[in-house]
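Please keep the sequence and the structure open side by side while you read this note.

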Amino acid sequence: MPQITRQGGKIKAPEAPRISSVLRPAGGDELEDDAILKGLRFDGAPFVGLEVEAAESDSCEFANVRFTGSSLRQTQFSDSKFETCDFSQATAGDVSLIRCVVTGSRLTGSSWKSGTFRDVRVSGCVATPGMFRHMKIFATVFEDCRFPGIDFQFSEMHNVKFVNCDLTGAQFGNVKIGAMRMENCTLIDVGGGSYLKGTTVAGPGSMELAMSLAREAGISFE
């Protein structure tokens, strides 16, 4: 069985967001061009179909917020939390998440390109499918996520961990791996497996990934 492993490659845990214990209700504050949002809590805000460029969010919480169909460009979220938010069909170009937590959120049909995830924890999220192309993903954990068909092609991934994730049909062509670990993930029909050098695979997904590698190499089994 082909082995994809990095000996002694310990994955760095993401840093937690640095959020004030006292947040101000957002009220009339809006996510808009050149906005600078700090120390706010948005609850149920309908950010649907927005077009936003060069905004900043620092030490904010977004709960039950709908970003559905929005276009975000050159926007940075730092030290922020997203709880049960909806990013369906959203487009994020050159968007950065720094020390952020995303939980129970929907990313279906969203497109993230040429941005940065650094010290991010993504838990219990769904993207069926989603696209994360040309991203720089550092010190990030994806756990208990459903990501069938997700596309990470041409991305850089360093200190990245997938735990209990469904990665059926995920695409990793032309990725650059520093250190990555996959634990108890579903890895059926993964594409670009030959680019996953530097990855440790633990659990039943190791055999599934080996079969994907064999198919890419033109090996058939009878």
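This is a predicted model: local features need pLDDT of at least 70, side-chain atom pairs count only at pLDDT 80 or more; totals for chains, interfaces and linings use all residues.

1. Start with β3, where the side chains alternate along the strand.

2. Next, look at what β3 pairs with. Strand β1 (residues 24-25) runs parallel to β3 and is joined to it by two bridges; P25 has R41 of β3 as its bridge partner. Strand β6 (residues 61-63) is also parallel to β3, with three bridges between them. There, R41 stands opposite E61 of β6.

3. What does F62 touch, leaving out residues up to four places away in sequence? The contacts are F42, F47, S57, F67, F77, K81, F82, E83 and C85.

4. β10 deserves a point of its own. Seven of its eight residues are buried, so the strand is mostly covered by the cut-off of under 20% relative accessible area. β8 and β10 run parallel and are joined by seven bridges; E83 has T103 of β10 as its bridge partner. β10 and β12 also run parallel, again with seven bridges, and L97 is partnered by F117 in β12.

5. Beyond four places in sequence, R99 touches E15, A16, P17, R18, S78, D79, S80, R118 and D119.

6. How many cavities of 30 Å³ or more does the structure hold? There is one, and the volume of the largest cavity is about 100 Å³. Its lining is made of 14 residues, and those nearest the centre are V102, L107, W112, F117 and V122. β10 and β12 each supply at least two residues of this lining. β12 gives the most, with three residues.

7. F132 is in strand β13 (residues 131-133) and is buried, with a relative accessible area of 2%. Not counting residues up to four places away in sequence, F132 touches L107, W112, F117, I150, D151, F152, Q153 and S155. Of these contacts, L107, W112 and F117 also lie among the residues nearest the centre of the largest cavity. F132 and F154 are 22 residues apart in sequence, and their C-alpha atoms are 8.9 Å apart in space.

8. On cysteines, a search of the whole structure finds zero disulfides. C85 is in none; its nearest cysteine sulfur belongs to C125 and is 9.2 Å away. C85 is buried, at 2% relative accessibility. C185 is in no disulfide either, and the sulfur of C165, the nearest one, is 4.8 Å away.

9. Finally, check the backbone. Most residues other than glycine have a negative phi, and most peptide bonds are trans. The peptide bond from T128 to P129 is cis, with omega near 0 degrees, and P129 sits in the loop between β12 and β13.

10. D34 has a positive phi of about 60 degrees; D34 is in the loop between β1 and β2 (36-38) and counts as exposed, at 57% relative accessibility. N159 has a positive phi of about 55 degrees. N159 lies in strand β15 and counts as partly exposed, at 23% relative accessibility.

Conventions. Residues are numbered from 1 along each chain as its sequence is written. Side-chain values use heavy atoms; hydrogens and water are left out. A disulfide is a pair of cysteine sulfur atoms within 2.5 Å. Buried means under 20% relative accessible area, exposed over 50%, partly exposed in between (1.4 Å probe, protein chains only). Contact means heavy atoms within 4.5 Å. Helices (H or I, at least four residues) and strands (E, at least two) are DSSP runs, numbered from the N terminus. Two strands pair if DSSP finds at least two bridges between them. On a 1 Å grid over the protein atoms alone, a cavity is a set of points where a 1.4 Å probe fits but cannot get out, and a pocket is an open set with protein on both sides within 12 Å along at least five of seven lines; lining residues have an atom within 4 Å of a point. Grid points are joined across faces, edges and corners, and a volume is the space filled by probe spheres set on the points.
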